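Q: Can you walk me through the charged pairs in this one? Here is the entry.

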Amino acid sequence: TGFACVADAQQGFYREYYSGIAGSAVADLTNNAAFPNSPTVEEVVSNQFETGVNIAETYGQRVRARLKPTVSGDYTFWIASDDASELWLGTNAYPTYRRRVAYVSGWTNSRQWDKEANQRSALVTLTAGATYYIEALHKEGGGGDHLAVAWQEPGTTTTNIIPATVIQPYLDPPA
């Protein structure tokens, strides 16, 4: 296929967890020497686009997947996290063509989609069956922690966590 992936039958996302990183801004993660090549833990999670609640303190994580929507049209995306996070979406299956579409600058409650205006993306037109790279970066300082990514599909009025049925783990190609 030309890009990194796992078996098409696998659902969920790829999670890279980086422990012992101080601060609560996404830049504290992305500017750390361990990022992106030396995560503490790497795992494939067969789950909707959401990580656990109250996992640990002073960590960062990168969650990546290939998104294959089943309906064509205009989508809205949301991200909720404690502490800061960013949601990146590719115009195709490659991370090279990703752009930041939403972010949390401080923190939200779990699945709180309306605390910061920047948590919500502008409308994004997606094509059914096409593959799009999607990534969330998250930095936890202290206290509560969580990360969730949701969308509103065309023709609906509800905000739902992106289900495992439309995401597949995105793994880097071998060196």
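What follows is a short chat about salt bridges.

A: This is a predicted model, where local features need pLDDT of at least 70, side-chain atom pairs count only at pLDDT 80 or more, and totals for chains, interfaces and linings use all residues. Residues are numbered from 1 along each chain as its sequence is written, and side-chain values use heavy atoms, with hydrogens and water left out.

Q: How many salt bridges does a search of the whole structure find?
A: The search finds 6, a salt bridge being a side-chain nitrogen of Lys or Arg within 4 Å of a carboxyl oxygen of Asp or Glu.

Q: Which residue does glutamate 16 pair with?
A: Arginine 64, with the closest N and O atoms 3.4 Å apart. Glutamate 16 sits in strand β1 and arginine 64 in strand β3, 48 residues apart; strands are DSSP runs of E, at least two residues, numbered from the N terminus.

Q: Is glutamate 16 buried or exposed?
A: Buried, at 2% relative accessible area. Buried means under 20%, exposed over 50%, partly exposed in between, using a 1.4 Å probe and protein chains only. Arginine 64 is also buried, at 2%.

Q: Which residues are in a network with Glu16?
A: Arg62 and Arg64 are linked with Glu16 in a network of salt bridges.

Q: New topic. What does glutamate 135 pair with?
A: Arginine 98, the closest N and O atoms being 2.4 Å apart. Glutamate 135 is in strand β8 and arginine 98 in strand β6, so the pair ties together parts 37 residues apart in sequence. Glutamate 135 is buried at 2%, while arginine 98 is partly exposed at 31%.

Notes:
Helices (H or I, at least four residues) and strands (E, at least two) are DSSP runs, numbered from the N terminus.
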